[in-house]
Amino acid sequence: MTRTTDKVALNEWQAVGTVEEIISGKRRNTRLLGQDIIVEMDGEIPRMFENNANGGIGTEHPAQALYGHIWTTLGTPVKAPLDMPEFKEDGRRLVVCGALTVRASALRIVENFLDMAHFPYVHTGILGEEPITAVNDYKIEIREPEDEVWATECSFFQPQAAASADDGQVSQYMYRVSSPFVTVLYKTCPVVEGAWDLVGIFVQPKDEAECDVHTFMLVLDETSTMSDLVHFQQEIFLQDRSILENQIPPGLPLDPMDEIAIKADGSSMLYRRWLRNKGLTFGTHRGDGSSQAA
Amino acid sequence: MAEHFPRDAWYAVGGAAMLAEGEIMPVKLFGKERVAWRGDDGESHVWHNRCIHRGMRLQFGFVDGDRLACRYHGWRFGGDAQCKKIPAQPTLAPPDDFRIPVFQSAEKNGLVWTTAGTPGANVTGLPDSENFVFCRSLAVHAPPDAVVEHFGNMDASITTPGILSAILNIEGADVPVAVAIQPVSADKSQIHVTAGQAGAENAIQPLRLRVSAWARRLRDTIENQTEKEDSE
Ligand code: FES
Ligand SMILES: [Fe+2]
């Protein structure tokens, strides 16, 4: 596939690798929105270039380091990457899980991240389990002026809510979508009362139906080892991947008639409506067959 | 493909015994994905392989009694394809239009049959003259028409779309075979091979083995032939 012409997708900041990986002198040859790119560090300065078909280095685009990742764009962003003040708080550990390749639309991946109803079936025994399957009512809203989708007052009973959790607990959640490809959740911290742990995904859409998912956690957990934390998150994501690579059609349908929704899908419906209003087409299912993801 | 494989015909898609109670099997017909499953009540079904909720392939679900459950959010669908239960909202009685599109299906001659259209109500099955037993199913990497053509060269007859009958000579004895061709896609087929059951019950297993061996050779020949034509 060649670079998309979808301006909405092009004009976003996208995470395309971890600082740690690239700072060690490794260039990352990857792809963004159908465009082959090279990501590298010039001393402290992250840089991104188009990688031409003939192997030559092409146009340079803006790049910046943020939240342990290199962010870049092929367009002209109207909005900065999301603000997460928690990164400046003391006592938090940033866990960067590395990229996981998923053959699915970025939008399906984000939608799955917002979904609680699948916990008992996809993350059985960890994030949920029959017979406690009901999704309690929660609130959804578009926040202005940030232009973000939020779902708040979410809760779900979980047999093993986090790497550090021994017992089941009712976890409280808040979900936040700051760009079509970036989402973060805030979840009851099992260690410090009243505090939130952050888990987020920066989805790098390589093509309409293939992504690298960059996952991070920002937690107040001093006991679990780094590899415990990474393993926990990786196990969860591999379970999600087995779903994401098996949805038909691969592109996210934005037409409300294409798939059936219930009240528990409120965040998914608001996300879809928000995407529709933006006029995003990349990674969506288009009934006319023009979607690569069909 | 239309001439030999009309949409409205019945096509075998697998051995009925391969689809035990509680099992789910992905099926492809004319390039379209289906799912076949059998509930604890013994009934088999052929549906769209796509959940109406978030599009999950139903082949990865699980059978819960006489219902099929989707792997993604556990929605339960009854044998009538109607959604009976939505775990995320247990108090909701799923509306009538929460249902999976289905295809007509039936079992006959030890095979599961389905269609891409609206055939007559009764499954045609294999020719009535013999008491056919299922031997095995084999994937053939060749267009369905190529499979038909190959049989044409060996004096087989087609009485019903997709079904070829021939007499094999196995170790001096004439064995009637019937092969049901499943048009998987433009370039893939599946053959379901059955043989006329001659003689005692204990003769079935050796017969199966011989006919299966014949079918494997047949598959290899057809695939080689197709490859050769492709490279020419
Ligand atoms: S996709 Fe099947 S239950 Fe949600
Ligand atoms: Fe999940």
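Student: How many residue pairs are in polar contact across the interface of chain A and chain B?
Tutor: The model is predicted, and a pair counts here if both residues are at pLDDT 80 or more. On the chain A side, helix 3 (106-113), helix 4 (119-122), helix 5 (226-244) and helix 6 (266-278) each give two or more residues. That side divides into 13 nonpolar, seven polar and ten charged residues. The number of residue pairs in polar contact across the interface is 16.

Student: Which residue of chain B forms a salt bridge with Glu130(A)?
Tutor: The rule finds four salt bridges between chain A and chain B. In the one that involves Glu130(A), the closest N and O atoms are 2.8 Å apart, inside the 4 Å cut-off. The partner is Arg76(B).

Student: Which residues of chain A lose the most area to chain B?
Tutor: The two chains bury about 2200 Å² between them, with 54% of it on carbon and sulfur atoms. Three residues together account for 33% of what the chain A side buries. They are Tyr121(A), Ile248(A) and Ile260(A).

Student: Which strand of chain B supplies the largest share of the side of domain 1 that touches domain 2?
Tutor: Chain B is assigned domain 1 (10-115) and domain 2 (129-231). These domains bury about 1000 Å² between them, 66% of it on carbon and sulfur atoms. Strand 1 (11-15), strand 2 (24-29) and strand 11 (111-114) each supply at least two residues of the domain 1 side. The largest share, five residues, comes from strand 1 of chain B.

Student: How many salt bridges does the rule find between domain 1 and domain 2 of chain B?
Tutor: The domain 1 side has ten nonpolar, four polar and one charged residues. Across this interface, five residue pairs are in polar contact. The number of salt bridges found is zero.

Conventions:
Residues are numbered from 1 along each chain as its sequence is written. Chains are lettered from A and ligands numbered from 1 in the order in which they are written. This is a predicted model: local features need pLDDT of at least 70, side-chain atom pairs count only at pLDDT 80 or more; totals for chains, interfaces and linings use all residues. Side-chain values use heavy atoms; hydrogens and water are left out. Buried area is the accessible area (1.4 Å probe) that two parts lose on being put together, summed over both. A salt bridge is a side-chain nitrogen of Lys or Arg within 4 Å of a carboxyl oxygen of Asp or Glu. A polar contact is a pair of N or O atoms within 3.5 Å; within protein, one must be able to donate a hydrogen and the other to accept it, and residues adjacent in sequence count only if both atoms are side-chain atoms. Helices (H or I, at least four residues) and strands (E, at least two) are DSSP runs, numbered from the N terminus. Ala, Val, Leu, Ile, Met, Phe, Trp, Tyr, Cys and Pro count as nonpolar, Asp, Glu, Lys and Arg as charged, and the others, Gly among them, as polar. Domain bounds come from an automatic or database domain assignment.
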